[in-house]
Amino acid sequence: MLSAANRLRASKDFARTTKIGHRATSHSLVLYSHSGENLPAGPQVGLIINKSVGGSVARHRIARQLRHLIKDHLAQFPTQSQLVIRVLREQPDFSTELTELVSKVLAKQSVRA
């Protein structure tokens, strides 16, 4: 599980990250990443899972799975960064896709930095 300090909660943070952050897309996920000096310390992660993905039970299962998987990748991101994961469709396992997206976003960040 992610600690409370690593959770993204404010709608303005979600909006900023999805609009101006780096984006990487796969078949069932989109990962947005934004880093800057004015952000809180510690990478923060937010999830966007629409009702079109599935019912409440399915969405909560996906959220738990993604929070568990992203926890292992947080050390790779700068301490002042925000991540948003958007789920496009349900999959039995997101681990491979999430790992690929993290490397794509980190590569984009290093190119523009």
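The model is predicted: local features need pLDDT of at least 70, side-chain atom pairs count only at pLDDT 80 or more, and totals for chains, interfaces and linings use all residues. Residues are numbered from 1 along each chain as its sequence is written, and side-chain values use heavy atoms, with hydrogens and water left out.

Which residues of α1 are buried? They are Asp13, Phe14 and Thr17. Seen down the axis of α1, these fall within an arc of 100°, so they line one face of the helix; the arc is that of the directions from the helix axis to the C-beta atoms. Turned away from that buried side are Ser11, Lys12, Lys19 and Ile20, which are exposed, meaning over 50% relative accessible area.

Now to the sheet. Four strands form an open, mixed sheet in the order β1-β2-β4-β3. Strands (E, at least two residues) and helices (H or I, at least four) are DSSP runs numbered from the N terminus, and two strands pair if DSSP finds at least two bridges between them. β1 and β3 stand at the edges, each with a single partner strand, so one side of each lacks a neighbour in the sheet. Further in, β2 and β4 pair in the antiparallel sense over seven bridges; histidine 34, for one, has glutamine 82 in β4 as its bridge partner.

Back to the other helix: α2 (residues 56-71) lies across β2, β3 and β4. Its buried residues include Ile62, Leu66 and Leu69.

Conventions:
Contact = heavy atoms within 4.5 Å. Axes fitted to C-alpha atoms, helices over the stretch in contact; angles between N-to-C directions. Buried < 20%, exposed > 50% of the residue type's maximum accessible area, 1.4 Å probe, protein only.
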